[in-house]
Amino acid sequence: MASEINGLLPKDIQDLVLKSKIFVVGAGGVGCELLKNLVLTGFKDIHIIDLDTIEVSNLNRQFLFRREHVGRPKSHVAKDSALKFNSNVNITAYHDSITEAKYDVNFYKQYSFVMNALDNRIARSHVNRMCLAADIPLIESGSSGTLGHVTVHKKGVTECFDCTQRPHQKTFPGCTIRNTPSDPIHCIVWSKHLFNQLFGLADADEDVSPDSADPEAISSAGKAALETESEQPISRVSTRQWAQGCEYDPQKLFHKFFNDDINYLLSMDNLWKKRKPPTPLDWNSLPDAVASSSSSASRRAPILLKDQRVWPIAECAEVFKKSVEILKKRLEDEKDGGVLIWDKDDDVAMDFITACSNIRSFIFGIYPKSRFDIKSMAGNIIPAIASTNAIVGGFIVMTAFKVLKEDWYKCNSVYIQNRVNVRKELYHFDQVMAPNPKCYVCGEKPEIVLKIDLERMTVRMLNEKVLKKELCMIAPDVEIEDGCGTILISSEEGETDDIGDKLVKEFKIVNGTRLRCDDFLQNYNLVINIVIMSEEEAKDRDKSVECFELVGDRSLLVPKEEDQATNGKESDKDPDAKEAEAVADDDDDLEVIAMPEDDVKVLGTKRPLERKDEGEGTPLKKRKLAEEPSPASGSAYCMDTEVETIDLD
């Protein structure tokens, strides 16, 4: 297309586009827009990978897909649709996980650069490490509602994806969910746990019954419960078994979860000394109103769709009854041992969550939410905006031109904001940063500090929750630096499974122990320095909260000379850009709820790249704005044309 018509692109860029071979990771919201842009630009050799299949909820913004494509692999359909724009392009599609071992360093080395359009942090970090190992550029991107970003990462030249610590998904202590909810999200999480306990994959950590072991609740009822458990064995049945025993009778379920359990909570005196106590509900005398609303206000309220309005409690109870009956029948239709999987696009499952959440909110004096709001929060989604994906997709291709020319100084990070800043700009351009010398991924000697509860941390938890989930490793091997070369974790299947449930303290791990970790697939090595939690710290942590913490004295990570140079001043970065920079995920259906207070934390001091003169190799000063009138003139600041647009001359 554009590259096939002389004059549309400068000759040097045209040649580079025609010769390049690129790899696109992700065929979702941003991925579809990006693939369309690439074929229209005239890139001739494109490889694209995505593990997902198309769902109905994708169709409102992923425009390469149609209703007849539902259930088919995204990458294959995206390829077929994109070829209709330009049939002269060679597109290779993979319906697979990017973390499979066959996509190794040699696989990455065949490409000119990689473009990320992913929807989760672990996959992003993995691709970042593979690009570092293969020494090829990575163009990272993401969108979340009206926010978006595009950044460039090149080994030894710019910071890598992991040089900046991104916010994680918000989690809540189990005792808060079960005993003392105070926000709608607490009730929504409880309702999802209840769905799994009754119909889905039950998890002991997602119990919905009152937690008598809550340290704050140890009073009359709590002590009695704990003493009874310790004095004599109790024959317990699971929530599923109990529900099956009463044949999923909606009234009995309602009475247990919204009356009996609430009365039990009320008997835990300590919980309600400084809180408003909950109000148990009776099936036969339910209020026919919305919590925290007056009748006059209800009369003045406009007529809304079912999903937009907040249901009265009586209606919630009726919806609860109908949804339980339907879900019970579905469960009976499953084979022995079959379970139901909660899906936000399943109307009945969503009705169940909405009804349970609002009933529990009413009980605890929490303002209820509409079905639409609960669906967004229950699915951890931020409403996707197709135009944001289109803008991000366009910036990626514009950035790709600079990457092909290896003009790293011009590869500015782009942040799409949800409002214009003081300079009337919707897009914020930030100068690309040099690698963080203290990064635990691209640093010269990557190290990190891990604080653990020695009485709870097992080998399996270290492997699954720390190495794979938090540090985004795929197949880690761990050796204890004890002089004997003790292997704690092996990537070979079954080799260390027999010690998975043992506490790490059984392997003589103490304060100061060093663990040498290696991921052969990612060509990544890391040293973990162990710090043991004090008894007070371990005791203060709720048992539902992770028994570890990745920590480090951040001040020690800042080079002294640079710390003094900053003189304690704040960064000059536009504050609006920080919100856009915190975008961690693409807009695909499951999206981490963005917490405004979770600012991006930087590990160490960032160092701007210095542009060098091509002739003499001497550093030049930072570029200034092309037009920078004094504030008194009232004129808006304008970005340098080198930053805002592609210099095609």
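The legends below walk you through several close-up views of a predicted model.

In this predicted model, local features need pLDDT of at least 70 and side-chain atom pairs count only at pLDDT 80 or more, while totals for chains, interfaces and linings use all residues. Residues are numbered from 1 along each chain as its sequence is written, and side-chain values use heavy atoms, leaving out hydrogens and water.

**View 1. Helices α7 and α10 pack against each other.** Helices (H or I, at least four residues) and strands (E, at least two) are DSSP runs, numbered from the N terminus. Here α7 covers residues 184–198 and α10 covers residues 250–266; they pack at an angle of about 140 degrees, with their axes 14 Å apart. Axes are lines fitted to C-alpha atoms, for helices over the stretch in contact, and angles run from 0 to 180 degrees between N-to-C directions. The two helices are therefore oblique to each other (angles under 35 degrees count as roughly parallel, over 145 as roughly antiparallel, 65 to 115 as roughly perpendicular and the rest as oblique). Look for W190, L194 and L198 of α7 meeting L253, F257 and F258 of α10; contact means heavy atoms within 4.5 Å.

**View 2. Helices α12 and α13 cross.** The axes of α12 (residues 313–333) and α13 (residues 347–363) come within 8 Å and cross at roughly 140 degrees. That makes α12 oblique to α13. Among the contact residues are F320 and L327 of α12, along with F352 and I359 of α13. By class, this contact has 14 nonpolar, two polar and two charged residues. Ala, Val, Leu, Ile, Met, Phe, Trp, Tyr, Cys and Pro count as nonpolar, Asp, Glu, Lys and Arg as charged, and the others, Gly among them, as polar.

**View 3. Eight strands make an open sheet.** Follow the strands in the order β3-β2-β1-β4-β5-β6-β8-β9, with mixed pairing; two strands pair if DSSP finds at least two bridges between them. At the edges sit β3 (90–94) and β9 (427–430), each pairing on one side only. Within the sheet, β4 (residues 113–116) and β5 (residues 138–144) pair in the parallel sense over two bridges. Helix α3 (residues 74–83) lies across β2 (45–49) and β3, running at about 165 degrees to β3.

**View 4. Strands β12 and β13 form a hairpin.** Strand β12 (residues 476–480) runs antiparallel to β13, and three bridges join them. V478 has I489 of β13 as its bridge partner. Five residues lie between the strands, and G483 in the turn has a positive phi of about 85 degrees.

**View 5. I509 sits in the loop between β13 (486–489) and β14 (514–519).** This residue is buried, with a relative accessible area of 2% (buried means under 20% relative accessible area, exposed over 50%, partly exposed in between, with a 1.4 Å probe and protein chains only). I509 and L454 are 55 residues apart in sequence, yet 8.5 Å apart in space, C-alpha to C-alpha. Not counting residues up to four places away in sequence, I509 touches L454, I480, L488, V504, L515 and I530.

**View 6. Y248 and K424 have a positive phi.** Most residues other than glycine have a negative phi. Y248, in the loop between α9 (239–245) and α10, has a phi of about 55 degrees and counts as buried at 6% relative accessibility. K424, in the loop between β8 (413–416) and β9, has a phi of about 65 degrees and is exposed, with a relative accessible area of 63%.
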